[in-house]
Every structure is written in structure tokens, then in C-alpha cells.
Amino acid sequence: MTANAPGTAALMQGNEAIVRGAVEAGIHFAASYPGSPSSQILGMLGKIARERNFYAEWSTNEVCAIQACMGASFAGARALCVVKQNGLLCTADALHCGAQQGVKGGLVVVTSDDPSAHSSTNEFDSRWQAQSASVALLEPTTMQEAKDMIPYAFELSERVGQIVIVRLTTRVCHGRGCVTLGELPEENRPLERVREWDRMVCVSYMHGPMLEKLEALRGAFNESPYNHYSGPEGARDLIVAGGTGRLYAQEAVKRLGVQDRVGLLSLGALWPLPEDYILKHLRAAERVLILEEVDPFLEQGLEALAGRERLSLTFLGRDHGALPKIGELDPDNVEKAISVLTGAPLPEKRLPEGAGKTPLPVRELTFCAGCPHRATFYLLKKALRQEKNPGIVVGDIGCYFMAGQSAGQYGYQACNCMGSGVSMAEGLGQLTHYGLDQKVVTICGDSTFFHTIMPGIVNAVYQSANMLLIVLDNSATAMTGFQPHPGTGLTAMGDRARPMDIQKILEAIGCEVEVADPFETVQAEKTLRRMLARRGMNVLIMRQPCATLKTKERKGKKPRVWVDQSRCIGEGCGCDKHCSRVWGCPGNTWDFSTGKAQIDPVTCVGCGVCAKLCPAGAIQVEGGEEA
Amino acid sequence: MIQLKYDPLNIVVCGIGGQGNVLAAEVVGSAMIDRGCRVAVGETYGASQRGGSVMSHVRVSLQDDPSVLIPSGEAHIIIGFEPLETLRIARKYAGADTVAVYDPRPVYPLGVLQGVQTYPDLDALQEEIRSLTTLALAVPAADIAMEAGDSRAANIALLGAFSQVPGAPLSREDLEKILARRFKGPVLELNQKAFAMGCGAAGKGGAQ
């Protein structure tokens, strides 16, 4: 990642290419909050920051990250902020006001969108934020472009004194491709002292200059090397691709044999729209297919442009039925759309006789074997079922988001974004003063606690809501790959820091706090019931390290868990397959031939909680050394 | 210079989160780059380590950079860590000439254990994999890895078997070179052992 070997080719993940691009751009500063699919970027930057003499931090949330970058920019630093789609929305106020304030050192925001929501709760299109905040946006298609666009974005940012956004999508972030390395700067440009009369302030009269900066880049984008055209001159069938669609289209036109009559216009520097460049190709076309991820952003922009110029074109895309309205582009839906565009028939693909008939079971997501969250939700459901009504549970974002499905016994009824749980619960908790006769419970993880939960707790305590917050303290930002947060005592650059004590913070705010270990099921259930009975703002910290983290750090052998077949009563037990069906750990499986329980030795991590729950006492735990 | 039977050559590596899918794809991709090819890898692992279906597409070309996803019906090789996942992928991606190397040990989805879904009959499932492919090689990779010392080496054991498939684009030596570069110490030893046992198992005529 830091080899100064210009011209060398390497297989790089898109996220790695961004890191390399940042190093080639000579950044001084990087800040991020983890979010898939771009979580790896700051982790890698943190590891090489010292060697390359820049600063990198996992910020407490995305607002902290982007504002820290703005501060750094004020001293002339090149600053990189990395967020995912939802994180970009968290920064919305900062982004819009920051754009009106402008920047000094280059400030590039890398945002990763997750079409098809592979590792997200929703699909979102970051391009609207660029449009709304009046800042420029670039979108790479290949890993090479991902790398090259970072120095280019910094140059644009400094040319006009404005934030530039680089939009990635999952297929770029998590894809790998060949990248030819560029040169590394000898040393970073020196920082600039902030002078007494320097001003970087968002005030209303900066609205005009902000729009002028955007217009200045429209001119540059008409000439940008990232906007290019291939195919016959004056093609009447035109494909316009922003992002991943370009490569799918290149292959599909060959498969369909229409490469001689279809033009492919690729837009990498796409907001502000390079209107003159686009119009040159639109004027020759009759039918236009737009390939883009998530929303019909280009489609609507180009249609408006064509309307303004009174061009009579037929548009195809997400708005016009040739492509699905939701979900990511792929080689198949792109090929189909090109077939609609050109009238070329699709190649026939048929399964052999008899194949494809049996329905295949889907694999639902579930908590890992040995995950402490499974125990917490098991106990919560059990306790609430025995209340006079089952109560209300509102969730939050983290691995425990899965608790809304069978993984967590359908453990909560509402959840939207990070921080949603505590404040929705506060609202519901207020209604208990007005006749709502239910227990109100919410949950959050330890990283989310620092990210957005704390203001909600202050609100709930101050406003005297009746609720219970369960903090799932697994000492990890597990969902995104174990990045350090303020509770872990580590920083992105590998330094030690004094860990923030969640319990002390909660007590200082004025909550009633208790701590339990979800694996000590009897004790934890008692504590949970006691806290459910109380009024006011109560917090139960469920403390047990993440199973994946424990497995990673384990030095000795894991305990062996097995089912004593002479004790397991199997289908005749009356426990209704408690271990594999109700408890639902992937380590607890069923031998369908004998009708008895078994343990999958590959998956089981040896936590032994299922042994405590088996009514026949058939599950045995032996040996194992502490991690 | 390496010869590719198809250009681009399309390989799918599939299984369940936590089975070492991504690593296996990366090893294959790196070995192909070593042989002077252009490589693109697309990973679908949103559900990594959380029990969901996971797949990686490895695409190899001597001409240009392919996209990171394989069109349906265009896979040439399927490396599967679980039979149900292998069939799921074969139904979508197998085409006129597809070879599958897979572990026949089922891992039941939660829905099956909870009794709301049914796992297909294993014999019928394997028969369907055979009907969709020109060659299907069943190799008990997880068992081999456990015998070698750790079930986590199942992915490497299966790569060993993959290198022995007739017409495999990579040799045993190609892959061993990458393992030696990628791992060290006891993990390397474990992987080398599992890899060699995987090679042996394929030779023993796991072909069906």
C-alpha cells in the first residue's frame, strides 16, 4: 500500500485503491465512522498513517469526522472523510453549511452506497446530497479509477475551494481488480497557520459564491478524462453509464453482437452534469438507456436537459421500465435492458430437464454461534412474555438489528436508523404517563451508544420517561469488522487511550444502572425482571465479549460441547426441540435420522449456554481453556 | 504463457459466511495474477460470518478487465463449501461447460432446524448438481480439515482438490506458492497439510 513503485500492477480491492489514492494525494488527515461497504478504508489508513506522516482517526460519529476534516482543511491540510450512505446523511447539516463556508486545504468525502442493501438496512443514492449541497461528485467504475480519482478530487477541491464527494458502490468497494500504482509524494505539503483575518464561516451571502464554484467545475467536467465515449460516431442507440453499469454494458453489447451500432457514454465526473459534453452525444441519438446505481439521478437530469434543448428522445432506465426500480445493476438486467434498447434477441438460457424444480431453503441471517446477543434476546422475550402484556421493544443499528427476525426471537417491533431506539422509546415512555399500559424497552450496542445514543439518554432522564435501555456491551463494533470505539481503549493508529466507561457515563447522567452477563442466564433473567418492574430511566448493561472476537483471540482449545444421546429425549421430549428450534444457535443442529439433537463441532464455539437451557440436561460441556 | 480455455474464465466460490470464502477467492485471484492474467473479483458477503449465503466471482482474462460479476449461465468452475449453496449457484450460473468441486457436508439453514423449511434430499441434490455440470467432484473438505487439525482450513483443502480437476487453470504448485506467501508459522503448516490432503482426496476419485 505504501510501496513507491510507480507502474507496478497489483490486485486491489476498491477500498484498498482508495487508500492508495489517498497516499498518492499526500493527505494530512483522515477521519471516519465505520459503515459497510467502505469500513476497511480507515482501518487500513490507520495502519500506515505513521509511516506516511498523516493523522487518521475513527471518529465517534460521522458529524465529528466531517467537522474534524473541515478544521484540518482550515490549516491547509488535505483531509479525507469516509462515510457510508447513511453516514453521509448524518453529516447533512455539516455538509450543506460546510459547502457554503468553503474549504482551504482539499476536503474529499468518500461515500459508499449499498445498492441491493447487501450490508445495510436500506438502499440510498448519495448523489442527491451532492446536488442538494451544491458540491461536485465523482463516481469510479474500475479499481484503477477509484485510486486515480482521489488525487483528482483533491485537486478539484483546492482549485475551487470546495468539498468534493467521491461516490462508491458495493461492487467497487468489495470488488478486486488490477491497479497500476502511481507515484508517492516525497513529503506532504506544509500546513498553513490560520491568520487572524482568515474567515471560513457559513453566512447567507456565501450562497452565491457556492453556486459559482459549482458552475466552475461544470466547465472542467466537460473536459474531464473520466467522461468518455466509445462506439461508432453518431450512434442512434446510446447507453449512458455512471458507475458499475459501464463494464456490464461493454460485455453485454459484445454478447448481443451490437457493438457496431451502440454508443457507450461513460460519466465519471457526473455532478454538476457536464451538459455540453452530454449534449454532443444526445443530439445524435434517438434512444437513450441510462445505467446507474439506485435512483434515476442521471436519467432525470438528462431528460430535463433534453427537454430544455427540445430534443425528442426515447429514454430507457429505472424510470422507464427497462430496468428494475430497486436493486443493483448486474450483468443480466443490463443485458436485458440493452436487448430492449436495440431489439437484439437475448441468448437462450435453459436448465436441463428436471433441474430447478425443488424449492431451495433460503439462508436467513442469524447471530453467530456463541453470540451474546442471542442470549439477551432469548431472556428478554421470555421475561416480557410473562408480563401482563408483551411490552414494546424498539431496536437500533448493529448486529442486533437481526433480532427483529427469527435470529432474535422477533425481538423488537420498530427500528430505523442509528440512535432511533432510545428516542422512540423516550416518546413511548412518556405515554406511560398518559395511559399507555406497556413496558417500553430499547437496545443499543456499545459503539452505537457513543455514536448517537448519549443525547437520547440525556433527554430520557431529563424528561423522566419510563423505559429500560439494554446496552449490549460486547466490546466491539462487530457488525463492520471490529473497529475501535471510545469504549475499547484503542485508536485507529494503534495507540492506547483511556477507555470510556459506559456505566460511569450512565450514572453521571442520572440513570439507574445494573450490569449482567447474558451467559449467566438465571442471574441475568432475575436482574432483567427486577429492572422491568422499575419506573424512570433504567439501563441494564449486558456485558459479554463478541463471540467472533473471542474466537479470534483464543489461544487454547475451545471447550467441547456434545449431546449425550442417552439423555436426549429428542422429538418425544416435549421441549419442542428447544436447543435447535427455539434457542436457534447455528451450533445446535438436529439429526433428522435419529430424531435427536446434536452439536455441529465445526460451527460451535463452546460457549455452553445451550447446556444451561436443555430441560433434559443432555448437552455436555467439557474442557477448554480460557481465551 | 498460460492458456485459458475461455476468456474471460469465470469461477464462482460459494458457501456460507465464516467458511473462508473470501480468502479462497483471493488466493485463486492472486495465483492467476502470478500467471500473468488480468483478474477481477466480486464478493457478495454482506452477511459474512452471520450464516447467510456468500459467494465470490473470480474472473480471469488475458485481454481486458472484466466486470466483477459473472452473467448467469456463464460460470466455468464452481467451488462450493456446502451442497445446497453449490446447487443454488449451479442453477443460476452453470452453463454449457461447468465443473463443480464441492463439499457434500450439509449445513442446515436456521429455517430448516426450526422446521419451517425443508432441506432437499441430499442424494437428489447431488444428482441435480451432476445434471447441471459436465463434472462434479464431491470432496469432504471440512472432514479433511478437521483431520488436518482445524475445521477452518476446509477452504484450503477444497482448493487442493480444485487444483486436481482435469483442465484446472491452476496447478498445485501455483497455489502452494500463494499459500507460502500468504501465511506463516503453524497456520501455514496447517493449511499446507489440509491442501495436500485435499489434492489427495481429489485423486482418490471423488469424481462422480
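Predicted model: local features only at pLDDT ≥ 70, side-chain atom pairs only at ≥ 80, totals over all residues.
1. A disulfide is a covalent bond between the sulfur atoms of two cysteines. The cut-off for calling one is a sulfur pair within 2.5 Å. Take A:C568. Its closest cysteine sulfur belongs to A:C614 and lies 6.6 Å away, so the gap is too far for a bond. A:C607 is likewise in no disulfide. For A:C607, the nearest cysteine sulfur is that of A:C585, at 6.1 Å.

2. Are these two cysteines buried or exposed? A:C568 is buried, at a relative accessible area of 10%. A:C607 is partly exposed, at 31%.

3. Next, the layout of chain A. Its domain assignment gives domain 1 (9–186 + 202–222), domain 2 (227–342), domain 3 (372–553) and domain 4 (560–622). Note that domain 1 is given as two segments, 9–186 and 202–222. Domains 2 and 4 of chain A have C-alpha centres 55 Å apart.

4. Chain A has an open sheet of 5 strands with mixed pairing. The order is β9-β11-β10-β13-β14. Strands β9 (227–230) and β14 (314–316) of chain A stand at the edges. Each has a single partner strand, so one side of each lacks a neighbour in the sheet. From one strand to the next, the twist averages 20°.

5. Strand β13 (residues 287–291) of chain A pairs with β14(A) in the parallel sense, over 3 bridges. One residue pair to find is A:V288 and its bridge partner in β14(A), A:F315. Helix α12 (residues 297–308) of chain A lies across β10 (237–241), β11 (262–267), β13 and β14 of chain A. Helix α12 of chain A runs at about 175° to β14(A).

6. Another open sheet in chain A has 5 strands in parallel pairing. What is the strand order? It reads β15-β16-β17-β19-β18. The edge strands are β15 (392–394) and β18 (512–516) of chain A, each pairing on one side only. Neighbouring strands here are turned by 20° against each other on average, direction ignored.

7. Within this parallel sheet, strand β16 (residues 440–445) of chain A is joined to strand β17 (residues 467–473) of chain A by 5 bridges. A:C444 stands opposite A:V471 in β17(A). Helix α17 (residues 502–509) of chain A packs on the sheet and touches β17, β18 and β19 (537–543) of chain A. The direction of helix α17 of chain A makes about 175° with that of β19(A). Helix α18 (residues 521–532) of chain A also packs on the sheet, touching β16, β17, β18 and β19 of chain A. Its direction makes about 165° with that of β18(A).

8. Now chain B. Why does strand β4 (residues 75–80) of chain B count as largely enclosed? Because 6 of its 6 residues are buried. β4(B) pairs in the parallel sense with strand β1 (residues 9–16) of chain B, over 4 bridges. There, B:V12 has B:I78 as its bridge partner. β4(B) also pairs in the parallel sense with strand β5 (residues 94–102) of chain B, over 5 bridges. B:G80 has its bridge partner in β5(B), namely B:Y102.

9. Follow the chain from β4(B) to β5(B). With helix α2 (residues 83–93) of chain B, these two strands make a right-handed β-α-β unit.

10. Helix α6 (residues 154–163) of chain B is largely enclosed by the rest of the structure, because 10 of its 10 residues are buried. Among them are B:N155, B:L158, B:L159 and B:F162.

11. B:Q19 is worth a look. B:Q19 is found in the loop between β1 and α1 (21–34) of chain B. B:Q19 is partly exposed, with a relative accessible area of 21%. Which residues does B:Q19 touch, not counting those up to four places away in sequence? They are B:F81, B:E82, B:V107 and B:N155. B:N155 is also one of the buried residues of α6(B). The C-alpha atoms of B:Q19 and B:G51 are separated by 9.5 Å, with the two residues 32 apart along the chain.

12. Last, B:L137. This residue is found in strand β6 (residues 135–138) of chain B. B:L137 counts as buried, at 4% relative accessibility.

Definitions and conventions
Residues numbered from 1 in each chain as written. Chains lettered and ligands numbered in written order. Heavy atoms only, no water. Buried < 20%, exposed > 50% of the residue type's maximum accessible area, 1.4 Å probe, protein only. Pairing = 2+ DSSP bridges. Right-handed = clockwise from strand over helix to strand, strands pointing away. Domains from an automatic or database assignment. Axes fitted to C-alpha atoms, helices over the stretch in contact; angles between N-to-C directions. Contact = heavy atoms within 4.5 Å.
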